[in-house]
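Please look over the sequence and the model first, then read on by topic.

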Amino acid sequence: MQAPDVDQLLRALGGPEALRTIDAYCDRGPAVIAELFAALLAPLPPISDRNGRAVFEDEELCLHRLATRHPEAFLAQLDAHPKLADQGAVVSALVHIPGPVAEQRLLAALKRPGGWNRWIALRGLLRRGCAAVLPHLPRLLRDRDSTVSFTALEGLRRWGRGEHVPALLKYVEKAAPGGVNFGLDAIEVICAREGRPLPPEHPGPRLESVAVAGDAVDLHVVVASCVAVDDLLAHVDARAVRSPCAGVVSAIDHDPPHLRVTIRREPASP
């Protein structure tokens with residue numbers, strides 16, 4: 001197809017020609033980033049037969065491709081168009097750019113307005129394994145957006161220290177039932193990691209973990225899945241990994257080649 005301009009790209013988003021148009025647009029090279037960023041600062045053309053979610057997903061895909069192919073040009077244009085730092089698709093694209101500059105932009109996005117953008121940035125930093133996010137997590141645990149606070153809870157489970165237990169206890173006091181359990185799980189993981197006793201507010205040890213190593217991982221559960229004793233959790237290099245107890249999947253940590261599935265045991269019957 002003939003190389004599309006930015007107007008043709010925007011009108012194709014969310015439609016049947018979106019992927020083909022995105023491919024052709026990105027093939028034009030890094031110069032298209034400047035015109036796309038300028039266009040994104042203006043209202044998108046109204047198209048009545050397009051699903052808003054599909055439009056966003058296609059916009060996100062296009063920005064991801066440009067960020068991956070031309071990271072330096074992408075960051076330079078973001079400097080030139082700072083207002084775009086408040087657009088979720090742009091923040092999401094930053095996750096795909098390695099290096100400290102993109103990381104600092106994602107950390108800055110944790111303070112931007114809009115819970116959606118804060119969540120995208122936080123989720124991206126956790127996926128990147130960015131431990132520099134740790135000082136931000138106690139504040140984000142109190143975020144008014146529940147998706148942000150719940151994701152901060154996951155970050156504290158992974159990297160939190162004993163000094164973070166009081167903040168987690170405060171979270172547990174106000175959280176919904178699901179959040180209470182995951183908050184208590186995070187406290188148990190931190191205390192086990194540091195050899196600390198559990199605080200008196202904690203109901204006691206409840207977690208069982210299965211850790212295996214291998215190259216090919218096929219998960220059969222997700223976080224919050226209910227499992228019974230000996231239920232299949234995953235196949236790792238064609239080996240079956242099964243649950244040691246009845247309960248709920250509390251966490252899945254996959255840092256190749258290592259897989260760890262943590263189960264919160266079902267309370268004993270009275």
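The largest cavity has a volume of about 30 Å³. This is a predicted model, where local features need pLDDT of at least 70, side-chain atom pairs count only at pLDDT 80 or more, and totals for chains, interfaces and linings use all residues. Residues are numbered from 1 along each chain as its sequence is written, and side-chain values use heavy atoms, with hydrogens and water left out.

**The cavity**

- The structure holds 1 cavity of 30 Å³ or more.
- On a 1 Å grid over the protein atoms alone, a cavity is a set of points where a 1.4 Å probe fits but cannot get out. Lining residues have an atom within 4 Å of a point.
- Grid points are joined across faces, edges and corners, and a volume is the space filled by probe spheres set on the points.
- The largest cavity is lined by L9, L10, L13, L36, L40, D58, E59 and C62.
- At least two lining residues come from each of α1 (6-12), α3 and α4. The biggest contributor is α4, with 3 residues.
- Helices (H or I, at least four residues) and strands (E, at least two) are DSSP runs, numbered from the N terminus.
- By class, this lining has 6 nonpolar, no polar and 2 charged residues. Ala, Val, Leu, Ile, Met, Phe, Trp, Tyr, Cys and Pro count as nonpolar, Asp, Glu, Lys and Arg as charged, and the others, Gly among them, as polar.

**The largest pocket**

- A pocket is an open set of grid points with protein on both sides within 12 Å along at least five of seven lines.
- The largest pocket has a volume of about 680 Å³.
- It is lined by 25 residues, and the closest to its centre are E154, R157, R158, I252 and D253.
- Two or more lining residues come from each of α8 (115-127), α10 (146-159), α12 (177-194) and β6 (247-255).
- Helix α10 gives the most to this lining, with 7 residues.
- The lining of the largest pocket divides into 12 nonpolar, 5 polar and 8 charged residues.

**The second largest pocket**

- The second largest pocket holds about 350 Å³ of space.
- Of its 17 lining residues, L141, R142, D143, S149 and Y171 are the closest to the centre.
- Both α10 and α11 (165-174) give two or more residues to this lining. The largest share, 5 residues, comes from α11.
- The classes here are 6 nonpolar, 4 polar and 7 charged residues.

**Salt bridges**

- The count comes to 16 salt bridges. A salt bridge is a side-chain nitrogen of Lys or Arg within 4 Å of a carboxyl oxygen of Asp or Glu.
- D23 forms a salt bridge with R65, with the closest N and O atoms 2.0 Å apart. This pair links distant parts of the chain: D23 is in helix α2 (residues 18-26) and R65 in helix α4 (residues 52-69), 42 residues apart.
- D23 is partly exposed, at 33% relative accessibility. R65 is partly exposed too, at 26%. Buried means under 20% relative accessible area, exposed over 50%, and partly exposed in between (1.4 Å probe, protein chains only).
- D27 forms a salt bridge with R69, with the closest N and O atoms 3.2 Å apart. D27 lies in the loop between α2 and α3 (32-40) and R69 in helix α4, so the pair ties together parts that are 42 residues apart in sequence.
- D27 counts as exposed, at 59% relative accessibility. R69 counts as partly exposed, at 41%.
- R161 pairs with E163 in a salt bridge, with the closest N and O atoms 3.4 Å apart. R161 is partly exposed, at 36% relative accessibility, and E163 is exposed, at 55%.

- An open sheet is formed by 3 strands in the order β2-β4-β5, and the pairing is antiparallel. Two strands pair if DSSP finds at least two bridges between them.
- β2 (217-219) and β5 (239-242) stand at the edges, each with a single partner strand, so one side of each is left without a neighbour in the sheet.
- β2 and strand β4 (residues 232-236) pair over 3 bridges. V217 stands opposite V236 in β4.
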